[in-house]
Amino acid sequence: MKIAIIGGGLAGLTAAAYLTENPHVEGILFERSPQLGGRAFTYEKAGFTLNYGAHAIYGIDRHTLSSMEHELRLTFSSKQVDKRKVVYSKGNHLTTAPLDAINLLTTDLLSTMQKVRFVGDITAIIANIHNLKNYNTLGDYFEASKADDDVKELWEHLVCSNFFIAPEDARHVSGAVISEYYHNLFLSTKPVNYVLGSWSVITNQLKQKIMTSEQWEIAMQESVEELRYEDQKFILQTKNRKQAFDKVIFAMPVQQVIKFLKGTAWEPFLAPYESNTATEVMIYDVGLSQVVARPFTYISDMDNKIFITDVSATDHTLVPEGGQLLQAIAYLKDHFDSEEQRKTYLDDKNAQIEALFDRHYPGWRVVTAVKRVSKKAMVSSVKNVITNKLLATRIDHVPFYFCGDGCEGKGELAERAFSSARNVALSIVNEVHEALQKV
């Protein structure tokens, strides 16, 4: 069986790596850009390792990456973020984030009775019997709930943090999705971890596994321009070649899939996904030549909807000796009345981030060795709100496979890319196995 995978991000690399395990499968991974990893691309500058976006792993002991570690024989180390140094800021006041029982007891975001209510919510989610899963959205749950505004705001803020969406979107996340996510996270013994060395540690091993297979090829900077079906084969055309395949896996954002298949017989079946919106944030990275302050590892500003992570406090491998790497992320709204309004809004966010750096990391401007600002970075290709529809890995009447962070799968963000790709690859392997049984 010959497979074409279009897209060399986390999903494409994962699917190909799993398929190399089967001697009856061969294929080509097509990537149009000069590097692999997609939005998990990592690069080095002045001794600092920078990621395009956040790369924390939530609940790593219950994460698809742990399954991949054993099944694909990956080797990596991880370190847990210090929960005691995760703080929230509200009204110029700092307090510990209520991430576990100890932090919850010490936080002053909530009163005693509010803490009782919040603990009850968490306990019920862990037991997987929470009413939340019976509500269409978090907003619907709030309307029916007797919880006061502070508890609602805290839940809203937690959903913002874990789903990387703006506060106005948090109330549109499905109650069932939130309940399932936190049920999994609260049972984890390692709620927030970093893979030491960043995404490149994972992507390089997946790449190596593919490249060492005699039956697989990675075609860099080779964009698939046309796809058609004839003689029971899928014919893919690039600038360099025309080749036939038995199966095709799209490992790219749904928006790109829809654009690629426009005008084909399969276009109408993708109509339910055409209105999907992406999750976008502003990312502001600064690499400092020395540690200017380390009062906490993570601070979430509830007023401005911005959070700053001292990435190097958890992963020392990303900085030169004595250095510090800070990453600020601001949640962004989607709609603007004009381009001028959008520009003003983004300039204001940039100024808010720098003001937070000034407040919590005084002197950062003087020792900045590296700075990078991404004003419109895609975190997830499909924002997981009730008005969007995650792309199924298989669609009726469409003969392709789909995987990526905008597809149906376990978890959020990178985990959904990993899990959907793993599911697709294993289903193809199973199909090969069944075919061999009939021979």
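Reader: How many helices and strands are there in the protein?
Author: The protein has 13 helices and 20 strands. A helix is a DSSP run of H or I with at least four residues, a strand a run of E with at least two, and both are numbered from the N terminus. This is a predicted model, where local features need pLDDT of at least 70, side-chain atom pairs count only at pLDDT 80 or more, and totals for chains, interfaces and linings use all residues. Residues are numbered from 1 along each chain as its sequence is written, and side-chain values use heavy atoms, leaving out hydrogens and water.

Reader: Where is Thr309 found?
Author: Thr309 belongs to strand E17, residues 306-310.

Reader: Why does Thr309 count as buried?
Author: Buried means under 20% relative accessible area, exposed over 50%, and partly exposed in between, with a 1.4 Å probe and protein chains only. Thr309 has 7% relative accessibility, so Thr309 counts as buried. Of the 439 residues of the protein, 55% count as buried.

Reader: Which residues does Thr309 touch?
Author: Contact means heavy atoms within 4.5 Å. Leaving aside residues up to four places away in sequence, Thr309 touches Tyr194, Thr297, Tyr298, Leu325, Leu326 and Gln327.

Reader: What radius of gyration would a compact globule with 439 residues have, and what does the protein have?
Author: The radius is taken over C-alpha atoms, and the globule rule is 2.2 Å times the number of residues to the power 0.38. For 439 residues a compact globule would have a radius near 22 Å; the protein has 23 Å, which agrees.
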